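Subject: Structure handover

Hello,

Here is the structure you asked to see. My notes follow below it.

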Amino acid sequence: MTEANHGAHDSGKPPVLPAGTTSILQVRDKPTWQWRICNLNKNGVWEPDKWLSGESEGKSPGLFLTTREQISGPPQSVWPKAWGKLVLAPRLVPIRSAEALLEELKSKVPSQDVHAVTLEPESPKYGKWPAWVKKLTSAGLCLEHERPYQHQADALEQLEAQKHVVIATGTASGKSLCFQLPILRALLADPMATALYVSPAKALCADQLEAWAKLLGVDIGKANYFDAELAGKPLRVLRYDRDVKEETGEHKAEARIVLTNSSMLHYMLAQAATEWNGLFSALRYVVIDEVHTARGVVGANIAWIIRRLRRAAWRLSAGKAKPQFAFCSATIGKPEQLARQLIGPNDSTPISSVRDDTSGRGKRVFVSWTPKGASDGIRRVTVVPDLVQVLLDRTDGPIQTICFHRSRPEANLVARQCAARLTESGRDDLAGTIDVFIAMLTPEKRRELQDALRQGDCPCVFATSALELGIDIGDLSAAIILGIPHSRTGFRQMSGRVGRRPEPGREAIVIYVPRDDPLHDWYAQEKHFRSRLVTAESEDVPTDPDNELVSRRHMAAAAKELPPIDKDGRFFGVERWRNARAELKAKGFIQASEEDKCFYWVSKDEDPHKRINVLATRGNCEVQIKRKADGQIIGQTDNWSALWMLFPGAIYFDGIRDTYVVESLHLGALESTGTPQHLKQHPAVAWVRKAKGAEAQCSTIAEQEGAIRVLDGGDRPAKMIGNLPVYSGSIQVSTKLLDHYVQVPLGKPGQPSAKLPKKRLEIPQAPTAVDADGNSVEYPELAFETDGLWFRLPEDIEAELTSHAETSGLEPEAYILSCIHGAEHLILKMTGTLPGFCEDDMSGLSFSWHDTPGGPAIFIYEYGPGGNGLARRLLQGHNLHDVFRRALDVVRNCPNQCENGCPLCVLDRQCSNANSLIDKKGAERVLEVLVQEKKPHKRRCK
């Protein structure tokens with residue numbers, strides 16, 4: 001190694017390569033010797049081949065020219081794709097003592113309040129493989145372990161007893177083997193039998209394909225299907241989703257194990273009698289993975305897809321196919337009840353659950369970390385760079401860390417702050433290898449980053465809930481969770497990313513950092529942190545398969561899939577099915593054939609499958625993000641998200657390295673004209689260019705305007721809370737982008753957000769769409785239907801607030817809105833403290849005047865199209881009154897020693913009105929009235 005190169009290595013800079021170098025050999029010891037060749041492509045980007053294992057050939061870890069001359073020593077190197085620099089990633093180190101690490105963090109990072117809960121390690125418990133498993137291994141099956149965990153043995157026993165089974169054990173507890181082995185046994189016994197694996201995410205299907213290949217001893221490379229042989233019998237395993245549909249479509253006829261997601265299965269059922277007849281007519285097993293995601297309307301959709309699936313299997317097999325179900329989840333309450341709701345009526349198969357996780361766990365320390373300065377207007381997000389720097393910039397090597405965030409922009413922003421902090425400290429080697437994992441990534445980038453995490457080539461990743469599910473990224477050592485996840489289940493999934501194995505001398509730490517939010521502060525309190533997050537019982541999954549709108553749409557889809565007959569009522573409910581058929585006949589969608597008297601779908605204009613949004617996302621089409629310079633796709637999202645993230649003029653962060661400005665946003669065909677041909681001719685796309693100068697140091701915030709229209713339920717109160725009438729019913733929620741947006745400098749960690757200068761700029765051009773005639777038009781507002789509840793501000797408090805408006809400097813109407821706006825924020829937050837609820841389940845809007853209640857009003861509605869069934873639960877018992885009471889307690893017990901009504905505790909980062917018009921004292925007075933206290937409490941703020 002030359003002196004120049006050695007110096008470059010010590011400084012964290014890439015080694016200097018001889019001119020004309022086009023390929024390098026990379027060697028590492030991790031834990032066995034591996035090497036790969038890295039080639040320089042025509043764009044000047046180093047692209048590594050696959051890691052190969054074997055002998056070291058006398059070489060130490062490092063980089064070598066093809067002449068075998070060593071140019072850099074350990075640690076190993078990694079080339080992030082689409083980045084032309086060679087980056088040296090230091091070797092990762094485990095946490096030897098989580099308590100000692102916590103003390104180090106406390107000594108280096110200022111905090112206001114820190115609480116710790118330690119969960120001691122648990123040793124694994126083992127059982128015995130059934131005799132038939134040994135026959136599979138002798139036939140060529142590649143099992144890694146001689147003995148199963150006890151819960152694996154229990155699950156195999158329950159499935160062998162012909163029961164539906166819910167496997168509810170922790171992350172990385174070996175749930176896949178619980179269904180893989182029975183599936184293989186069934187497929188070997190019956191050469192026509194098939195199996196179906198369904199997940200909520202495409203990435204999980206890719207992981208499952210690799211798991212099946214490993215089990216069957218097949219090297220699949222980058223393929224999305226493979227053919228194997230077991231006991232001399234052929235077996236094809238196929239991944240089938242939107243990313244690989246065109247590539248794998250021709251191979252589906254021979255597939256006996258199909259891996260897909262719930263949204264894709266919905267459309268596969270549309271072709272059940274034709275392209276997928278072989279799969280559905282011989283279906284033996286169905287696996288529903290990550291079943292805890294089946295909440296609300298998503299759960300209702302999945303329940304009806306399962307009903308349609310059972311019907312298709314029964315009809316296409318002439319009553320012979322009765323698939324057995326295996327449900328999987330890392331944590332879930334009342335598993336048998338949820339499984340019965342999802343499977344539906346007329347199924348007499350017993351349901352059992354396996355909940356005792358016997359795989360063991362390493363020692364984990366859970367920490368609630370409230371940053372210092374939380375009451376001084378400093379952005380709490382800025383504590384994360386401090387924590388990350390201590391975890392990564394260490395003399396012995398970095399601790400592999402994952403940071404979870406609530407939004408994609410925030411994950412990108414914090415990742416950039418951390419990279420800048422590390423660069424300033426002279427650690428380019430660390431700054432260049434941290435990355436961001438969000439839903440907007442292309443499939444290629446997603447797989448590349450997963451590999452880097454598993455191989456240890458990425459010391460820190462900043463993620464949203466896209467990495468919450470059981471995607472294989474290995475066993476990390478530290479997790480930072482910024483803000484409360486969408487549920488306790490979410491918290492457990494995120495914390496389950498670390499400390500997954502009870503290894504001697506290896507521990508893990510989970511750090512919860514509350515945001516500037518009263519609900520997050522509530523969970524940060526010592527008693528709530530321990531009992532509500534760390535040691536709480538698994539929560540149940542609220543879902544509502546009887547949702548009228550959902551059921552009607554799925555029965556219409558079923559009627560198009562196969563001719564509807566009376567006996568189908570066994571899957572959908574006899575009376576409900578009879579009414580649905582009558583409605584479809586009256587609308588002219590189905591018609592009886594003169595030949596066989598059966599009803600067939602005859603409408604060419606109506607496609608019921610397109611009216612169903614399985615995952616209940618508010619967007620209804622995918623928007624590609626393309627570079628204007630070369631047309632390269634760099635990301636993707638849905639059209640609703642694009643409206644507030646990718647409007648013309650918006651700053652778009654592509655990970656931590658590239659920053660773009662959106663030049664135009666085209667959202668494809670309007671929903672009413674969204675035929676396949678129309679969508680193909682006019683794809684939705686956001687065109688971006690590289691940010692210039694100061695643009696790269698700013699972020700943007702869209703300003704939107706929301707409206708609510710009551711569809712039904714405004715005639716009489718659904719509930720009286722004391723003297724307050726509360727109404728409930730179906731509503732339409734709409735939003736539109738205003739003609740201006742806000743540009744804010746990124747600032748530096750620790751800089752008060754209030755001191756950052758903000759610019760209000762006009763959107764250079766409105767987003768566009770294409771109408772039925774092919775003409776380009778401005779995109780209208782987006783809207784969805786859901787369920788909600790609302791109440792009018794009592795007239796006496798309205799009069800009181802009106803009389804106080806003069807001292808506020810606002811007009812009476814604006815002052816009243818500022819008071820109920822703050823109360824609405826707190827009410828929404830505190831719904832997240834109810835059992836079975838989470839903060840993201842509900843949303844709301846305040847109005848100084850709304851026609852339906854006839855006055856100032858607050859609306860609380862179920863977030864997302866079709867609702868989630870929680871509005872009714874909110875009206876049960878004392879739930880809503882408890883929410884009012886907790887909201888009042890928050891504003892009264894606000895820790896900020898504030899003057900002039902500092903509104904910190906009533907602000908909401910997700911407020912669509914950017915927290916304009918908020919009055920803390922007025923919000924407190926409104927909540928006192930809602931709680932109906934006779935004597936107003938003496939307020940702290942003056």
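Val710 sits in strand β31, which covers residues 698–710. Helices (H or I, at least four residues) and strands (E, at least two) are DSSP runs, numbered from the N terminus. This is a predicted model, in which local features need pLDDT of at least 70 and side-chain atom pairs count only at pLDDT 80 or more, while totals for chains, interfaces and linings use all residues. Residues are numbered from 1 along each chain as its sequence is written, and side-chain values use heavy atoms, leaving out hydrogens and water.

Is Val710 buried or exposed? Val710 counts as buried, because its relative accessibility is 17%. Buried means under 20% relative accessible area, exposed over 50%, and partly exposed in between (1.4 Å probe, protein chains only). Leaving aside neighbours within four places in sequence, Val710 is in contact with Ser730, Ile731, Trp790, His850, Thr852 and Phe859. Contact means heavy atoms within 4.5 Å. Val710 and Leu789 are 79 residues apart in sequence, yet 10.0 Å apart in space, C-alpha to C-alpha.

Next, the cores. The largest nonpolar core has 197 residues. Such a core is a set of buried Ala, Val, Leu, Ile, Met, Phe, Trp, Tyr and Cys residues joined through side-chain atoms within 4.5 Å. Trp212, Leu216, Trp369, Val384, Phe462 and Leu467 have the most contacts inside it. Beyond its neighbours within four places in sequence, Val384 touches Cys403, Val414, Cys418, Phe462, Ile480 and Leu482. A second, separate core has 53 residues, including Ile306 and Val541.

Now the helix pairs. Helix α25 (residues 812–831) packs on helix α28 (residues 920–931) at about 65 degrees, with the axes 7 Å apart. Axes are lines fitted to C-alpha atoms, for helices over the stretch in contact, and angles run from 0 to 180 degrees between N-to-C directions. The two are therefore roughly perpendicular, a term for angles of 65 to 115 degrees. On the α25 side, the contact includes Cys819 and Leu826; on the α28 side, it includes Gly922 and Leu930. By class, this contact has nine nonpolar, two polar and no charged residues. Ala, Val, Leu, Ile, Met, Phe, Trp, Tyr, Cys and Pro count as nonpolar, Asp, Glu, Lys and Arg as charged, and the others, Gly among them, as polar.

The axes of α3 (residues 131–138) and α5 (residues 175–189) come within 11 Å and cross at roughly 75 degrees. That makes α3 roughly perpendicular to α5.

Best wishes

Methods
Angles under 35 degrees count as roughly parallel, over 145 as roughly antiparallel, 65 to 115 as roughly perpendicular and the rest as oblique.
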